[in-house]
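Dear colleague,

Please find below the structure that I am handing over to you. My notes on what was found in it follow directly after.

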Amino acid sequence: MRRLLVLAAVTSLALAGCAPESGPTTEPSPPAPSPVPADSPSVVDPTTEPSPPAPSPVPADSPSVVAPTAEPTAPDGEGTEEGEPVVVVEEFTTTEHGTFNEGWAMAFLPGTEYLLVAERVGALQLRDQATGEVREVAGVPEVRHAGQGGLHDVVPGPTFEEDGTIYLSWVRGHDEGSHGVVGRARLDVDSAELEGLEVLWEQSPAGGNGHFSLRLLIQGEHLFVTSGDRQEMDPAQAMDTNLGKVLRLTLDGDPAPGNPWESDGGVAAEFWTIGHRNPLGIAEDSSGAIWVSEMGPQGGDELNLLARGENYGWPLASMGAHYGGGAIPDHQDGDGFRGPVAWWVPSISPGNLLIYRGELFTGWQDSAVLGGLSGQVLVRVALDVESGELAGEWDMGERIRAVDEAPDGAIWVLEDGAGGGLLELRPVG
């Protein structure tokens, strides 16, 4: 099955031949009754897979595991829609540095030689990058580890070097089902312990255990939080719930002044953008623009440029289709929604997003780097203001859960699932 990647300027989305392909996709689709007019809370996207318990993290580096990846290919393996081959921009080597148990996110801690890894099972692991030693952090909150829920993202606060502040997100139980929360704590790297944990923000509760999202980005004095639709679809357009939104908060978790729906009050005062499905990646480019990667339904994964007060259309517009085959109108000019800069049909299931800012990978600056779950690929999209261009796709052979940039410009990758590897990518030569 070929994969179609469509790239376009966001101001010109009415392209011929960009409707979702018919037939099976590379995403596993759970059985569903027919017809299926909407996603069901019982239908879980391929963000997680049942897997056996994994051993404790392997602290030893594995420098012998060094091999160039496969060369990037065009989406259909032969060429672009115009028949021109995709240029091989870079090859890179991969070095494995141990394994983790359902690694979900990672963060390089400024002013230190530590990498902090969040495992969805409910653990934080502190890795000494100089020695490879891994210690489990004490004081982590109890999580609801079910479906797609558990311990999610972790980012250092802007004052980390002075006081050790970190922000983290996780899922916990609720009388109405479960919900995500965002908290703040101090991390003592010497004792590997969280201190003073406090909850700053709460996601609206819902049944089921999918589409939490909960990716975090700090930009200046603002904390951005992605909040999925919890597989209920309609909340993404509703103004009385923070599901299906990207929120802009203060660093204390309050609605940020100047938000587009500030005058509405209530939960709407938190919203920065609406109409999202399952945004599992958020990152900032060198100009300060914010980008979000979003897992689509059956096809239609998206890379979106965030703009204040915009509606991204879900579930009223998508380049994909419902599980079970129900049609969704495509994004098109004049529909009142902001369309994606890039989308994938069939799905790659992007679980993460990095905007590369380093210099080690020549020519990659301000590129979007996405890891695919069902697609098991690493994809680079070169960004230019409000447009994108496919620059490479590499077969990684495993589901990719997280990508991050090291201080020296190397790209680090967390494979998904129990026993997923921690990989360091460096350009050849």
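With which residue does Asp-416 form a salt bridge? The partner is Arg-401, and the closest N and O atoms of the two residues are 3.0 Å apart. Asp-416 sits in the loop between β25 (411-415) and β26 (418-427), while Arg-401 belongs to strand β24 (residues 400-405), so the pair ties together parts that are 15 residues apart in sequence. Both Asp-416 and Arg-401 are buried. Please keep in mind, here and throughout, that this is a predicted model.

Other salt bridges

Side chains of opposite charge can pair when their charged atoms come close. In this structure the count comes to ten salt bridges. One of them joins the side chains of Asp-153 and Arg-215, with a distance of 3.8 Å from N to O. This pair links distant parts of the chain, since Asp-153 is in strand β8 (residues 151-156) and Arg-215 is in strand β12 (residues 213-219), 62 residues apart. Asp-153 and Arg-215 are both buried.

A further salt bridge is found where the side chains of Glu-424 and Arg-426 meet, at 2.9 Å from N to O. Are these two residues buried or partly exposed? Glu-424 has a relative accessible area of 13%, which means that Glu-424 is buried, the limit being under 20%. Arg-426, by contrast, has a relative accessible area of 29% and is therefore partly exposed.

The surroundings of Ser-367

Ser-367 is located in strand β21 (residues 367-371). Its relative accessibility is 1%, and Ser-367 therefore counts as buried. The side chain of Ser-367 is joined to that of Arg-380 by a polar contact of 2.7 Å. When residues up to four places away in sequence are not counted, Ser-367 touches Leu-354, Ile-355, Tyr-356, Arg-380, Val-381, Ala-382 and Leu-383.

The largest pocket

Rolling a probe the size of a water molecule over the atoms shows where empty space is left. The largest pocket holds about 920 Å³ of space. Its lining is made up of 35 residues, and those nearest its centre are Val-155, Pro-156, Leu-217, Leu-354 and Asp-404. Which elements each supply at least two residues of this lining? They are β4 (103-108), β8, α1 (160-163), β12, β16 (279-284), β20 (354-355) and β24. Of these, β16 gives the largest share, with five residues.

The cavities

The structure also holds three cavities of 30 Å³ or more. The largest cavity has a volume of about 70 Å³. Among the residues that line this largest cavity are Gly-275, Arg-277, Glu-294, Met-295, Tyr-312 and Trp-314. The lining of the largest cavity consists of five nonpolar, four polar and three charged residues.

With kind regards

Conventions
Residues are numbered from 1 along each chain as its sequence is written. This is a predicted model: local features need pLDDT of at least 70, side-chain atom pairs count only at pLDDT 80 or more; totals for chains, interfaces and linings use all residues. Side-chain values use heavy atoms; hydrogens and water are left out. Helices (H or I, at least four residues) and strands (E, at least two) are DSSP runs, numbered from the N terminus. Buried means under 20% relative accessible area, exposed over 50%, partly exposed in between (1.4 Å probe, protein chains only). A polar contact is a pair of N or O atoms within 3.5 Å; within protein, one must be able to donate a hydrogen and the other to accept it, and residues adjacent in sequence count only if both atoms are side-chain atoms. Contact means heavy atoms within 4.5 Å. On a 1 Å grid over the protein atoms alone, a cavity is a set of points where a 1.4 Å probe fits but cannot get out, and a pocket is an open set with protein on both sides within 12 Å along at least five of seven lines; lining residues have an atom within 4 Å of a point. Grid points are joined across faces, edges and corners, and a volume is the space filled by probe spheres set on the points. Ala, Val, Leu, Ile, Met, Phe, Trp, Tyr, Cys and Pro count as nonpolar, Asp, Glu, Lys and Arg as charged, and the others, Gly among them, as polar. A salt bridge is a side-chain nitrogen of Lys or Arg within 4 Å of a carboxyl oxygen of Asp or Glu.
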